[in-house]
Amino acid sequence: MAESSNITLQSKEPSLGQIQIAPEVLEIIVGIAVSQIDGVNRMRGSISSSVNELFGRKKSLSKGVKLTIVDDQISVDVYAYLDYGVSVPKVALAIQDKVKQQILFMTDLALSEVNVHITGIVTEKTESGIDPNNLFGDADPETPENEDGEES
């Protein structure tokens, strides 16, 4: 990665040297902060991240986070799925507050904006009443039946 893409922190002690943070580090901080908020089900990912997770590769912590740096102004776009039944505005505000707080605390950088994009609502999984091993509701195939069709 080119050095120019890193974010250089202003040090209070210039004689100690420079501190640079890769943008990917900020994306990971944001991803972890958002995943800790109640009401957030998951983050939106790309097809490649979904395929990687399907094959057992490490889950991307920066999934659903887009970082933009323009003229030393840092903005973040967060793409998330929420749980059904939560207050969307309250969760979105919590995302904005938590992201700004964690970036400031961990890097001493102030974000110019945090844009929250709710990409979907995830309903709870309901238990299916259909047994995948017995789709037609027939008698248990392991239980022997007598000639009258009754279980013995």
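## Confidence

Over residues 47-51, pLDDT stays under 50; pLDDT is the predictor's confidence in each residue, from 0 to 100. For residues 47-51 the model has one contact beyond four places in sequence, a contact being heavy atoms within 4.5 Å. Where pLDDT is low, the predicted coordinates should not be read in detail.

This is a predicted model, in which local features need pLDDT of at least 70 and side-chain atom pairs count only at pLDDT 80 or more, while totals for chains, interfaces and linings use all residues. Residues are numbered from 1 along each chain as its sequence is written, and side-chain values use heavy atoms, with hydrogens and water left out. The chain has a mean pLDDT of 80, and 70% of its residues reach 70 or more. Helix 2 (residues 47-54) has the lowest confidence, with a mean of 48. Helix 3 has the highest, at 96.

## Overall layout

The chain holds three helices and six strands. These are DSSP runs numbered from the N terminus: helices are H or I with at least four residues, strands are E with at least two. Their order from the N terminus is β-β-α-β-α-β-β-α-β.

Of the 152 residues in the chain, 26% are buried. Buried means under 20% relative accessible area, exposed means over 50%, and partly exposed lies in between (1.4 Å probe, protein chains only). Take the contacts between residues at least 6 apart in sequence: 62% of them join residues at least 24 apart. The accessible surface of the chain is about 11,100 Å², by the Shrake-Rupley method with a 1.4 Å probe, where for residues only the protein chains shown count as cover. Carbon and sulfur atoms account for 50% of that surface.

## A nonpolar patch

Tyr84, Val88, Ile118 and Ile121 make a nonpolar surface patch of about 370 Å². Patches are made of residues with over 30% relative accessible area and no salt bridge; like charges are joined within 9 Å, and nonpolar side chains (Val, Leu, Ile, Met, Phe, Trp, Tyr) within 5 Å. A salt bridge is a side-chain nitrogen of Lys or Arg within 4 Å of a carboxyl oxygen of Asp or Glu.

Val88 sits in helix 3 and is partly exposed, at 33% relative accessible area. Ile121 belongs to strand 6 and is also partly exposed, at 42%. Beyond four places in sequence, Ile121 contacts Tyr81, Leu82, Asp83, Tyr84 and Val88. Ile121 and Gly39 are 82 residues apart in sequence, yet 9.9 Å apart in space, C-alpha to C-alpha.

Glu27 is in helix 1 (residues 23-35). Glu27 is buried but has no salt bridge. The nearest side chain of opposite charge is Lys66, 9.3 Å away; Lys and Arg count as positive, Asp and Glu as negative, and His and the chain ends are not counted. Which residues beyond four places in sequence is Glu27 in contact with? They are Leu61, Ser62, Val65 and Leu67.

## Two aspartates with positive phi

Most residues other than glycine have a negative phi. Asp71 has a positive phi, near 50°. Asp71 lies in the loop between strand 4 (65-70) and strand 5 (73-83) and is exposed, at 71% relative accessible area.

Asp108 also has a positive phi, about 65°. Asp108 lies in the loop between helix 3 (88-107) and strand 6 (113-122). At 59% relative accessibility, Asp108 is exposed.
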